[in-house]
Amino acid sequence: MVGNYFVNNRNMKKSVTIDSAKSYVESLVGRDVNVKVNRGRNRIKRYQGVVSEAHDNVFVVRLKSDLFDRISCTYTDMVCGDIAIAEKAVTAPSEH
């Protein structure tokens with residue numbers, strides 16, 4: 001975990017494995033998440049959605065407000081650092 005995102009940082013001593021990425025995503029099924037996708041050449045897309053499915057090799061994020069209704073990502077993308085995923089922070093309503 002770097003900041004709020006689960007990513008593979010090459011400067012970290014402990015590397016992210018496919019199994020740890022898979023278990024992290026499985027813990028997020030049904031929860032609101034923020035997804036950051038690095039498409040190369042400084043093109044970074046950010047999405048908000050819900051992890052709807054987690055399979056053996058891929059997981060699906062149902063998007064909230066975007067042109068597409070869902071995206072599918074592989075756990076290998078997370079290990080390579082192309083995908084970063086974080087649970088959306090829940091803010092408690094302020095009492096006045």
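In this predicted model, the side chains of Glu-87 and Arg-31 meet in a salt bridge, with 3.4 Å from N to O. The pair links distant parts of the chain, with Glu-87 in strand S5 (residues 83–87) and Arg-31 in the loop between H1 and S1, 56 residues apart. Glu-87 is partly exposed at a relative accessible area of 36%, and Arg-31 is partly exposed at 40%.

**Other salt bridges**
- The count comes to three salt bridges.
- Lys-64 and Asp-32 form a salt bridge whose closest N and O atoms are 3.0 Å apart.
- Lys-64 lies in the loop between S3 and strand S4 (70–74) and Asp-32 in strand S1, so this pair ties together parts that are 32 residues apart in sequence.
- Lys-22 forms a salt bridge with Asp-56, at 3.6 Å between the closest N and O atoms.
- Lys-22 belongs to helix H1 (residues 18–27) and Asp-56 to the loop between S2 and S3, 34 residues apart.
- Lys-22 is partly exposed, at 21% relative accessible area, whereas Asp-56 counts as exposed at 59%.

**Overall fold**
- The protein has two helices and five strands, which run α-β-β-β-β-α-β from the N terminus on.
- Of its 96 residues, 30% count as buried.

**Aromatic pair**
- The structure holds one aromatic pair.
- The ring centres of Phe-59 and Tyr-75 are 5.5 Å apart and the planes stand at 35°, so the pair is tilted.
- Both Phe-59 and Tyr-75 are buried.

**Surface charge**
- Arg-39, Arg-41, Arg-43 and Lys-45 gather in a patch of positive charge on the surface.
- Arg-43 is placed in the loop between strand S1 (32–38) and strand S2 (44–54).

Key:
Residues numbered from 1 in each chain as written. Predicted model: local features only at pLDDT ≥ 70, side-chain atom pairs only at ≥ 80, totals over all residues. Heavy atoms only, no water. Patch = residues over 30% accessible without salt bridge, like charges linked within 9 Å, V, L, I, M, F, W, Y side chains within 5 Å. Areas by Shrake-Rupley, 256 points an atom, 1.4 Å probe, with all protein chains shown as cover. Salt bridge = Lys/Arg side-chain N within 4 Å of Asp/Glu carboxyl O. Lys, Arg positive; Asp, Glu negative; His and termini not counted. Charge placed at Lys NZ, Arg CZ, Asp CG, Glu CD. Helix = DSSP H or I, 4+ residues; strand = E, 2+ residues; numbered from the N terminus. Phe/Tyr/Trp six-rings, centres within 6.5 Å; stacked < 30°, edge-to-face > 60°. Buried < 20%, exposed > 50% of the residue type's maximum accessible area, 1.4 Å probe, protein only.
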